[in-house]
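Hi,

Here is the structure I promised to pass on. Have a look at it first, and my notes follow below.

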Amino acid sequence: MALHKLKRIGILTGGGDCPGLNAVIRSVAKPAMSHFHASVIGIIDGFEGLVEGRTRELSPFDVLGIINQGGTILGTSNKGDPFHFPMGERSNMRIVDASDQVLTNIRNLQLDVLIAIGGDGTQTIAHKLSEMGVNIIGVPKTIDNDLMSTDITFGHDSARAVATEAIDRLQTTASAHHRVMVMETMGRYAGWIALGAGVAGGADIILIPEIPFSWDSIFDSVLKRSKGAKFSIVCVAEGARPRDGELAIKEVDRKRTDPVRLGGIGELIAKRIEDETGLETRTTVLGHVQRGGSPTPYDRILATRFGTVALQAASNGDFGTMASLQRDRVCTVPLKDAVGKQRLVPEDSQLLFAARALGTCMGD
Ligand code: F6P
C-alpha cells in the first residue's frame, strides 16, 4: 500500500448501527496510523456530525480492543442527510440543504479522503458528495443485507445469528405449550434476515416482503401442524404484508434519512391466527436485539477486509467507490452502482428453493 498522498483521513459511521462497525474503524485506522503516519479524524454521529463540525482525532488507543465490540465508537445517526437536513426543534423544524456546509467542513478539516461506513442512505449521500467533488469511499454495512453491488454486507451475519438463536429458544417453549409462536425480525423491505434465520432455525412458516402472503395459507399451515407436531413457528420480516393489505408502519419521521419505521406485522399475524384458528399464539418482536452485541467471526473478518481494501483504494485515489464482496473477493465498485435500488431476495434464490423443498410455508 502506498499512502504517501494521504495525510488526513476522515471516517464516519452513518445510519442504524450494526455489529462490525468498530472492526472497520480499526482496520482503517490501525494501518493508516502505524504504516503511513496519517491522522485519522473521526466524525461524530455520522453526517449529522459532519454538518455540525463535530469531530475528534483518533489515537491508536481509541482503536485498541474494539474488534469484538458492537455499536460504534464514533456514534451514528439516521437524521443527518446533508441534502435534507433537519434544522430547529419540533414545530420550528425545517428541512434544508446543508451540503455546502459539509464541503466547507471537509475543506477546513483538510481531509484527503472520507471513508463513509453505512447502508443505502449513507452510500446515497456518499455518491452525491462524490459527484460534488469530495474524495469519498464507502463501506457497506447493514443488518438488512439490502445493498446492491455486494454479495453481502457486514452486520447481516450477526443479526441472522441472533434471530436464529431466538427461534431455537422459541422452539422449545412452543413445543412445551403446544403454541404458535410468531417472531418478527427487522430487515426493512428485504427478507434476508427472516429467510436466513427462518431456514437456520427450522421455522414452519417464513413470511418475507418479496412474497406477499395469503392469510389462508398461514391458517392452513398452523392448523395442519396443530394436529401433528402441535406447535408452529412463524418467522415474519417486518416488511412482509398480506396480498390484500398494507405494510405495517410504526412511525413516519421526516427527520430520518428513511422516514418510514416499519413494525407491527407480527402482532397482527398472531391476532389473526388466534381469531381464525383458536390456537393459542404468542408474539416476539426481536427489534434492536438483532443489532446489538458482539459481531460474529464472519462479520469481524468481512469488516476487516472491507476496511483495509477501502484504505488501499484511498491510497490509489480510487474515489467515488464502495468496498464490495464479489464471489469471495473484496474489491471496489462505483458508488453509483450501489445506490438507488435495493437488493431483495430474488425469486430464484437457492435458499428460497431449499425452504420450499423442506415444506416450509412461504405464505403463497
Ligand atoms: O436498517 C437497519 C434497521 O435495523 C432496519 O432493519 C429497521 O427497520 C430499522 O433499521 C430500525 O431503525 P431504528 O433503529 O431507527 O428504529
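A quick definition to start: helices (H or I, at least four residues) and strands (E, at least two) are DSSP runs numbered from the N terminus, and the expected span of a helix is 1.5 Å times one less than its number of residues. This is a predicted model, with local features needing pLDDT of at least 70 and side-chain atom pairs counting only at pLDDT 80 or more, while totals for chains, interfaces and linings use all residues. Residues are numbered from 1 along each chain as its sequence is written, and side-chain values use heavy atoms, leaving out hydrogens and water.

Now the helix. α1 covers residues 21–34, and its 14 residues reach 20 Å from first C-alpha to last, close to the 20 Å expected. Among the buried ones are L21, V24, I25, V28 and M33. The buried residues pack against several elements (contact means heavy atoms within 4.5 Å), including β6 (113–118) and α9 (297–315).

Then the sheet. It is open, with 7 strands in the order β3-β2-β1-β6-β7-β14-β15 and mixed pairing; two strands pair if DSSP finds at least two bridges between them. β3 and β15 (329–334) are the edge strands, each pairing on one side only. β7 and β14 (residues 321–326) run parallel, joined by 2 bridges, and I137 stands opposite T321 in β14.

Cheers

Note on methods:
Buried means under 20% relative accessible area, exposed over 50%, partly exposed in between (1.4 Å probe, protein chains only).
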